[in-house]
Amino acid sequence: MKWIEDELRKLEDRSLNRSLQISATVSGHQGYVLRRQKTLLDLSSNDYLGLARHPAIAAAMTQALLAEGTGSGASRLITGNRPPYGRLEDALAAWQQSEAALVFANGYMANLGVIQALAGRGDVVFSDRLNHASIVDGIGLSRAEHVRYRHNDMEHLRLLLYKHRDAGRKLIVTDAVFSMDGDQAPLAELVALKREYGAILMVDEAHSGGVYGARGEGLCHALGLQSGVDVHVGTFSKAFGVYGAYVSGSRTLIRWLVNKARPVIYSTALPPSVIAGITEALNLVQTERHRRERLAASSRQFRSSLRMAGFQVGPGDSPIVPVVVGDNATALRFSSALEAEGIAAVAVRPPTVPDGTARIRFSLSAAHTPDDLADAANRIERVALRLGVLAQ
Ligand SMILES: *Cc1c(COP(=O)(O)O)cnc(C)c1O
């Protein structure tokens, strides 16, 4: 196995090595992490609504844990399908205004399972070039032809749909909000194109579920496009502050997934405590609107501070604010200098992002105060000037 050591050395030489760092919670301080004995403002996690330490969710989980035990014991098609599962799925369908919903173990498995169930040999999956890795992996496992279109480029997608108009089934997949760029997919145009070419449209709301929509339903709902989207995927690991994922759509779709989605069939059901936590989080996501409002205001404030400092940041109010520096080593230096200044903001490098676009991906949470963020923006500017990331 010496080849592994050689390969690891190559990764190090290109500043692409990854290693696990311990990040501990800081008691009484949401929105902060403890790393190497230092308390840091957490600008890297995806706890968008600040729900990850909500006492009502913790209480619901504890109660279910004591009443129902630690594990569900089997997959849902065997004996793991406890009553709270069905109740949660009914609530999810009502929230999504869809006929039905299905819970998955996490977003990664939801994307693998759904894409494999909907596309196979002879079919074509059209996928935005910046889609999440779980979508890329799902397409690989499906054995369908993988056709990538340029990021958010609808003319390119149209050309490719036309070129493959005689293929078997056609599935278009996109992130609603892109995980490393924080920008939005052109959903209205995607709905129009999928209709024109008779394709299925699947939208991954991992970073927009809970964040957009009057009751946090997601970006499709916020834009009034939910009925034009055939397959909605969302995760409970980010804005919901728990763990797990959902797919919502027609009754037929969900019946098909119960029969064909391998992660549902061949993997143990989530523990009852997690289902209880998600159920409580779903209540809070719908009712605690102030969290969404705070998050959107924070995003606008933080973006505008960075822009005034001279950074190029995109428009909008998504909680993901990337600062692209380009080079891997510079991104790593920027990240460690920020850590020294009390900010946890990890460097994101290839293959997570395209070559030459290494970046710091700042992500915001309703747990951050306006003061936290104003202060962070000042420190980020100072570090960037010192490192030459920003011109003096
Ligand atoms: C995080 C993420 C996932 C995976 O969700 P998990 O629940 O963390 O497995 C899927 N899609 C996108 C776009 C994501 O950002």
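The model is a predicted one, in which local features need pLDDT of at least 70 and side-chain atom pairs count only at pLDDT 80 or more, while totals for chains, interfaces and linings use all residues. Residues are numbered from 1 along each chain as its sequence is written, and side-chain values use heavy atoms, with hydrogens and water left out.

The largest pocket holds about 1,200 Å³ of space. Pockets and cavities come from a 1 Å grid over the protein atoms alone: a cavity is a set of points where a 1.4 Å probe fits but cannot get out, a pocket is an open set with protein on both sides within 12 Å along at least five of seven lines, and lining residues have an atom within 4 Å of a point. Grid points are joined across faces, edges and corners, and a volume is the space filled by probe spheres set on the points. The largest pocket has 39 lining residues, with Arg18, Arg35, Val346, Ala347 and Val348 nearest its centre. Two or more lining residues come from each of α4, β9 (231-235), α13 (328-340), β12 (343-344) and β13 (347-348); helices (H or I, at least four residues) and strands (E, at least two) are DSSP runs, numbered from the N terminus. The top contributor is α13, with 4 residues.

Around the ligand sit 14 residues, the closest being Asp204, His207, Thr235, Ser237 and Lys238; a residue counts here if one of its heavy atoms lies within 4 Å. Helix α4 (residues 107-118) gives the largest share of this shell, 3 residues. By class, the shell has 2 nonpolar, 9 polar and 3 charged residues.

The protein buries 86% of the 380 Å² that the ligand exposes when taken alone, with areas from the Shrake-Rupley method and a 1.4 Å probe.

Elsewhere, the structure has 2 cavities of 30 Å³ or more. The largest cavity contains about 110 Å³ of space, and its lining counts 8 nonpolar, 2 polar and 1 charged residues. Among those lining residues are Arg76, Tyr85, Phe104 and Leu270, and β4 (100-104) and α10 (262-265) each give at least two. The second largest cavity, at about 30 Å³, has Tyr85, Leu270, Arg82 and Ile275 among its lining residues. Here α3 (83-96) and α11 (272-287) each supply at least two residues.

Proline 350 and proline 351 are joined by a cis peptide bond, with omega about 5 degrees, and proline 351 lies in the loop between β13 and β14 (358-363). Serine 15, though not a glycine, has a positive phi of about 55 degrees; serine 15 belongs to the loop between α1 (2-13) and β1 (24-25).

Notes: Nonpolar A, V, L, I, M, F, W, Y, C, P; charged D, E, K, R; others polar.
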